[in-house]
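Subject: Structure handover and notes

Hello,

Here is the structure you will be working with. My notes on it follow below.

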Amino acid sequence: MCCLVGTAFQGGVRADIRISGTVRDSAGSGIAGATVSLRGDTLSTVSGANGAFVLQGTPSAVTPPERQHAAAAVVHILPGRIGLRNLQCEPAALSLFDTRGRRVTRTAGRAAELVLETRLSSGAYVLVVALGSARHALRMLALDNSPTSPREIALDGADHSVLSKQKSAAAGARTPAAYRTLRATKKGYAPAYAAARQDTTEKIRLMLLDSAGFARGPAYLNPALAIAERVDDLLSRMTIEEKLSQLTHDAPAIERLGIFEYDWWSECLHGVGLAYRATVFPQAIGMAATWDTALIARVASAISDEARAKHHHELAEYGKTRIMRGLTFFTPNVNIFRDPRWGRGQETYGEDPYLTSQIAVAFIRALQDTADGHLKVGATAKHFAVHSGPESQRYEFNATPSTSDLWQTYLPAFAACIREADVRSVMCAYSQMYGTYACQSQWLLNDILRDTLGFEGYVVSDCGAANSLQAGCDLICYLGWDGQQLYTAADSDSLIDLTVARVMTTRFELGMFDPPQTVPYASIPYDVVDCEKHRALARETARKSIVLLKNENAALPLDRNIAAIAVIGPHADWKEAYWGNYHGTPSYTVTPLEGIRAKVSSGTAVHYAQGCDLTDSIPGGFAEAESLAMQSDAVVAVLGLASESVGASAIEGETIDRSDLKMPSVQEHLLTTLHATGTPVVLVLVNGSALAVGWAESNAAAIVETWYGGQEAGSAVADVIFGEYNPGGRLPVTFYASVDQLPAFEDYDMTAGRTYRYFDQEPLYPFGYGLSYTTFAYSGFEVAPASPATGDTLAVTVTVRNTGAVEGDEVVQLYVVDSAASAPVPLRELKGFCRVYLDAGESREVSFVLTPRDLSLIDAFGRRVVEPGTFGVSIGGGQPGARAWAGVSSSVVLGGSVRALGL
């Protein structure tokens, strides 16, 4: 979608593109008898009542690019000054309007250059450029150059052509954002909207906003006003009963105010969930295993595209939003995966606060996005704040972490979601903290969340949790259970208004009270759902999530011309096993068996046997598997766990914890049976949390961790096994040798040996670990300044080189050790990472920044401080000193005095 870019000449306008279409009112309904014909700069025949009118159509004629001509003028923009130069036709004029249609200032003349002097606050303005008989309008945002304000075009002092200096693009080509010009005006209307996000000439969308008409209606329906003003106006028109009705997740309609029925509960953990068709990406733990924030942002953008398309399709069909079809998502889960027995750990981004924070921030920023002052969707960081099992006790469990653990482990990810990603919602947990239920804790929701962390959005209770409006819980996910009455007769009108305002602000930000034509995301077509582009992204993400745990004697990759291969195991051809929990329904799922069949040469024999069920044997299963293995040159054994997507046989998931870390015993038996045949065995693991596969580590030829890989899991597995893709994923959790290495599940004390940060034993596979088909080396390690003080920021650089024979990804990881801390601190802590692609023999310099906060601790008084002393800094492809680590280390001595930081 793009605006129309025509070409102006001295003395006239050439009609390069003709458009005809229908006129729609601000509700999106067609206006009978009203038609529009657009030819070049001329807009004619607009009729109908006051409101927003939109011309929607497709080009009927596009002049070939070689017939386009040069621009007529260039607009240059600086704070307080708007200039017009390079005029090719006169007279000329510059006029600036606000979005209510009021002229702010104007200048005109015949000079070679016009300069419009203006002093404006941040906001939306319309610049109308008159060149002879031609008129043009550009929508300007934030003319004061504020770096935090939204912008339609970059206001950085650069010049912007009123018309493209280059030849106009043919249909389907992209147009630079600087040329998003509204090419028509009509007396009584102020141009206010010019373009959507994708610029092509395949679809045209122009809007003339009748600001006077909006001004005559209720203020809350006027898109030109600030959201806070609109929310206040809406609240003034609502009864107390209507206000309270909006504080449950299934909020009813208020027809007299034009508020449609809306369900706040939707899921998009790894794709739009529980709402039928959607692209299914790898489960969250698999996305964390990519260690690739740019990729995660692309995934979140695709998910939010599908969410918008599905939501507006729902509205068009039903006039309301049912559960799981909304724009407010109970995602992401940023709890720390402190114990691998927790069934919901698959929903998280792993056991490390820093990795979790960075993945979550990238996901939320791309998921929420903003355009033209509208929020794409709303994200929810959950479960605030200390929650990671046991699931069987989640309604009564009382977590009592130390102050140090609270601020160094359990809260950093929430702080990042709020401070760096501006997450719109936070969900409080079921469980208790220090004897008070999380959704009833004023200390947690007001003192910590709002006052200390600076959260300004709304708080929603976990579904079925005990809650309290007075404590700061704004919205109840109501399941009709005891203790779920959010408000009481004692709640003041001012408290109710504050709560409803928080909730309704998000609905305004999402554009639910605006003409759909003014909301760019409302035009995302439904065919984006599970489209080819998203399927390719699902495959890329599945590939990047795979972690190579063992590859003895370069057993992998296999030759695609192998004579015979046996694909064995209950997960080998089980589609639902790859969906994880909170999943959508893909149009197809590729299993490892299907992926391998598609990858091998036509002369390869592919044998398949299930061998056993998930937890039970099947008649003749072992004998068949053993026979096929003996007929083959390699065995791919696809084994592991299953989430609730598979129904009653699930081993892990919400409400389902594990008591052990082993694979089911029947699968262990199948694996040993296959190995006994003498045929090399490649073990492919399918799971959402760590497995103790010590026997396989000693006996299998190779081990590949694939998580719950989504709809393209099988394709990705085949890509890796046959060397079409070099695996570069890294573990976001520690794989322990056995459950005996773990503290009691109910123990939330991190210093008891929780996660790699406090674990002082030898794990099976360490956090951050992963092999490659190539090798990497590090050199040129530098830390600056050479003699830093406690308030300094450190610049850390290193050169990484691919020393192998094939291209591949390296995940460069930076760890810090505080060697002289006065209070309990982690043994080692991740403070930076970067996934880089390198050709064989290629080198690249990688840089990190360590801030004072990165080197801080929580002291005995509960303060965050940076202390002078010695810090170890290490960079490599994993943890320093861990197995297969190749990296560099140095010591840094901070001078100066103790420096206090905010929590």
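Contact here means heavy atoms within 4.5 Å. By that criterion, among contacts in the protein between residues at least 6 apart in sequence, 72% join residues at least 24 apart.

Some ground rules. This is a predicted model, in which local features need pLDDT of at least 70 and side-chain atom pairs count only at pLDDT 80 or more, while totals for chains, interfaces and linings use all residues. Residues are numbered from 1 along each chain as its sequence is written, and side-chain values use heavy atoms, with hydrogens and water left out.

Overall make-up

The protein has 17 helices and 43 strands. Helices (H or I, at least four residues) and strands (E, at least two) are DSSP runs, numbered from the N terminus. Of its 903 residues, 62% count as buried. Buried means under 20% relative accessible area, exposed over 50%, and partly exposed in between (1.4 Å probe, protein chains only).

Nonpolar cores

In soluble globular proteins, nonpolar side chains tend to be buried together. A nonpolar core is taken here as a set of buried Ala, Val, Leu, Ile, Met, Phe, Trp, Tyr and Cys residues joined through side-chain atoms within 4.5 Å. The largest one holds 114 residues, of which Leu234, Phe384, Val423 and Leu449 touch the most other members. Helix H6 (residues 353-368) supplies the largest share of this core, eight residues. Another core, of 79 residues, lies apart from it and has Ala572, Val646, Ala650 and Ala702 among its members. Leaving aside residues up to four places away in sequence, the contacts of Val423 include Ile364, Gln368, Cys417 and Phe455.

Three strands form an open sheet in the order S22-S24-S27, with parallel pairing. Two strands pair if DSSP finds at least two bridges between them. S22 and strand S27 (458-461) stand at the edges with a single partner strand each, so one side of each is left without a neighbour in the sheet. On average, neighbouring strands of this sheet are turned by 25° against each other, direction ignored; the axes are lines fitted to C-alpha atoms (for helices over the stretch in contact), and angles run from 0 to 180 degrees between N-to-C directions. Strand S24 (residues 425-428) pairs with S27 in the parallel sense over four bridges, and Met427 has Val460 in S27 as its bridge partner.

Please look at the cis peptide bonds here. One runs from Lys382 to His383, with omega near -10°; His383 lies in strand S22 (residues 380-384). Another joins Phe384 and Ala385, with omega about 5°. Ala385 is in the loop between S22 and strand S23 (398-399).

Strand S36 and its partners

Strand S36 (residues 808-818) is mostly covered, with ten of its eleven residues buried. S36 and strand S37 (residues 829-838) run antiparallel and are joined by nine bridges; Gly808 stands opposite Leu838 in S37. S36 also pairs with S41 in the antiparallel sense, over six bridges, and there Gln813 has Gly876 as its bridge partner.

Helix H5

Helix H5 (residues 293-318) has 26 residues and reaches 37 Å from its first C-alpha to its last, close to the 38 Å expected at 1.5 Å a residue. The expected span is 1.5 Å times one less than the number of residues. At the N-terminal end, Asp292 caps H5, with a side-chain oxygen 3.3 Å from the backbone nitrogen of Ala294. Just after H5, Gly319 takes a positive phi of about 75°.

Individual loop residues

The side chains of Thr734 and Glu351 are joined by a polar contact of 2.8 Å. A polar contact is a pair of N or O atoms within 3.5 Å; within protein, one must be able to donate a hydrogen and the other to accept it, and residues adjacent in sequence count only if both atoms are side-chain atoms.

Two non-glycine residues have positive phi: Asn553, at about 55°, and Ala884, at about 65°. Asn553 is exposed, with a relative accessible area of 74%, and Ala884 is exposed as well, at 64%.

Regards
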